[in-house]
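Good morning, and thank you for coming. Please look at the structure on the screen, and I shall then go through it element by element.

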Amino acid sequence: MFYVNDLTDCGENCGPACSCGKYVELGNNVFMSNNKETDGSLTELKQKNIDVGLEFERLLILTNGLNNVYETDLFTPIINALERVTVQKYDETKKKVLELSLNT
Ligand SMILES: [Zn+2]
């Protein structure tokens, strides 16, 4: 389940697997029907389930117009505390990490 932001495709391969920000995964369904045995074989479960992963923080992204889960009220107190302890600013550190990942 994806929310599609009103953004232009980042390229011809832009899609739900893209990390450009156009697609925000709200959740997913996992259909559990088999148990994987230690030898790798599959055994059909007596009780089949559908696990619905609908993450609360992802709903907060949409309802609050944010860009990522770390900007939600769930994480900002933690990030603020870490900023005080480490004397580092989240936005500056995030930018440095992004630059490092692009240069490797
Ligand atoms: Zn994209």
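Predicted model: local features only at pLDDT ≥ 70, side-chain atom pairs only at ≥ 80, totals over all residues.

I begin with a hairpin: β3 and β4 form it with five residues between them, and glycine 40 in the turn has a positive phi of about 90 degrees. Strands here are DSSP runs of E with at least two residues, helices are runs of H or I with at least four, and both are numbered from the N terminus. Strand β3 covers residues 27–36 and strand β4 residues 42–54, and the two pair in the antiparallel sense over nine bridges; pairing requires that DSSP find at least two bridges between two strands. Asparagine 35 has threonine 43 in β4 as its bridge partner.

Residues are numbered from 1 along each chain as its sequence is written, and side-chain values use heavy atoms, with hydrogens and water left out.

Next, the metal site. Which residues are the protein donors of the zinc ion? They are Cys10, Cys14, Cys18 and Cys20, each through SG, lying 2.2 to 2.4 Å from the ion. Donors are N, O and S atoms within 2.8 Å of the metal (3.2 Å for Na, K and Ca); water is not among the atoms, so sites may look incomplete. The angles among the four donor atoms are 90 to 131 degrees, and the site is tetrahedral, a label given to four donors if all angles lie between 85 and 135 degrees. Along the chain, the donors of the zinc ion follow the spacing C-x3-C-x3-C-x1-C. Cysteine 10 and cysteine 20 both lie in the loop between β1 (2–4) and β2 (23–25), so the pair ties together parts that are 10 residues apart in sequence. Cysteine 10 is exposed, with a relative accessible area of 52%, whereas cysteine 20 is partly exposed at 35%. On this scale, buried means under 20% relative accessible area, exposed over 50%, and partly exposed in between, with a 1.4 Å probe and protein chains only.

Valine 87 is not a glycine, yet has a positive phi of about 55 degrees. At 70% relative accessibility, valine 87 counts as exposed.

Methods
Tetrahedral: all angles 85-135°; square planar, octahedral: opposite > 155°, others 65-115°.
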